[in-house]
Structures are given as C-alpha cells and as structure tokens.
Amino acid sequence: MRRIDPDTRDAIGEPTMKIAHRTPIKAKPSEALLWKNLLGSCDGGQRSGWWTTSCDAAQGSTALTVDPTVNASCARLRYERRGSRKGLFITSDDPKLQEDVEKTLGLNSGDLPELRELAWKAFCDRQRKAAPNQYGRSARAEFFQAWMKQWSVQLPEMLGVIEAKL
C-alpha cells in the first residue's frame, strides 16, 4: 500500500515502481504482456528498509487468486487485529485468498500491520481535530469525503486501510 509512482527513484537511482504479473510469466508466457495481467507494484522499500521484499519478488512463480483490479475479489479481504501483536492484518475467510495474503505475498510480514494501524490512527486523529464534537463511523465517513478533496494529485499511502475501516 505504498505510493506507486513511476517517476520516483530510490537512493541508487532505481525505479521504485515494479511491474508484477497476476499470473506469472513462467506459468503462462502467452499472458506476459496482457494488460489485464499486469499490476503496478511498489518495490517493497527493498533499499529503504520498509519491507524485506516486494510483492512481485515474494510472489515468484505463484499465480494469484486475488485480483486487485476487481472489486468483488478485494471485497473478500478484511482487516483484523491479532492477539498481542500490534497492527492491522489483512485476512479473508476464503482459504485461497488467505494464502495469497499470508504466504504468497507476505502482506502481514515485517512492519506492514503496524504501519496500517498507524495510518488508521492518524486519520482518526485528523478527524477528531477537525470535528472534536463529532464521533463514530458516520462522522469519520463525512470527514473522509472532505479530506479526500485535498489529495488532488497523489492519494495518501495506506488509503485502502482507511476506506476499509470506514
């Protein structure tokens, strides 16, 4: 859920945006350049210390069940807290999607769950400061509409967490 910007470079000049394949090239070489199979992916912060690997590298030659370009596929994902571990973890009741998230892409590894929770808390803090006497989901949803107008060019990182929690 990092910002994907094709013009951004890391400290050594490499692009931070990667092209991932929903169905890996090794599995179906004929789909290597089909638009519906290409996904923009961040580099995982490999050189900046965010994550230990990118989604594309973690996926390897495994085809994904989840299709981030299809709302119905993403709607089967949700966030949860897990015991004493800090953070918001992506999960699903669908075992294949759960495997995509946990094993294939490693989306609950490293500091990702904690970064998601920090993004949610920061949004809630902004809402409370902007409207200190308004509480609950409806107040956050109303604030969200106004807050989104300030993001005319680039959307905030971890936006999906905020949208899902509303």
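## Charged pairs in a predicted model

User: Which residue in strand 4 does Arg82 stand opposite?
Analyst: Arg82 stands opposite Arg85. Keep in mind that this is a predicted model.

User: How do strand 3 and strand 4 pair?
Analyst: They run antiparallel, with five bridges between residues 77–82 and residues 85–92. Together they make a hairpin with two residues between the strands. Gly83 sits in that turn and has a positive phi of about 45°.

User: Which residue forms a salt bridge with Arg82?
Analyst: Glu80 does, with the closest N and O atoms 2.7 Å apart. Arg82 counts as partly exposed because its relative accessibility is 24%. Glu80 is partly exposed too, at 25%.

User: Which residues are linked with them in a network?
Analyst: Salt bridges link Arg78, Glu80, Arg82, Asp93 and Glu102.

User: New topic. Is Asp67 buried or exposed?
Analyst: Buried. Its relative accessibility is 12%, so Asp67 falls under the 20% cut-off.

User: Where is Asp67?
Analyst: Asp67 is in the loop between helix 1 (55–59) and helix 2 (71–74). Its side chain makes a polar contact of 2.6 Å with the side chain of Thr69.

User: What forms a salt bridge with Asp67?
Analyst: Arg22, with the closest N and O atoms 3.8 Å apart. The pair links distant parts of the chain, 45 residues apart. Arg22 is in the loop between strand 1 (17–21) and strand 2 (38–42).

User: And how far apart are Asp125 and Arg128 in helix 4?
Analyst: They are three residues apart, so about one helical turn separates them. Their side chains meet in a salt bridge of 2.5 Å, N to O.

Notes:
Residues are numbered from 1 along each chain as its sequence is written. This is a predicted model: local features need pLDDT of at least 70, side-chain atom pairs count only at pLDDT 80 or more; totals for chains, interfaces and linings use all residues. Side-chain values use heavy atoms; hydrogens and water are left out. Helices (H or I, at least four residues) and strands (E, at least two) are DSSP runs, numbered from the N terminus. Buried means under 20% relative accessible area, exposed over 50%, partly exposed in between (1.4 Å probe, protein chains only). A polar contact is a pair of N or O atoms within 3.5 Å; within protein, one must be able to donate a hydrogen and the other to accept it, and residues adjacent in sequence count only if both atoms are side-chain atoms. Two strands pair if DSSP finds at least two bridges between them. A salt bridge is a side-chain nitrogen of Lys or Arg within 4 Å of a carboxyl oxygen of Asp or Glu.
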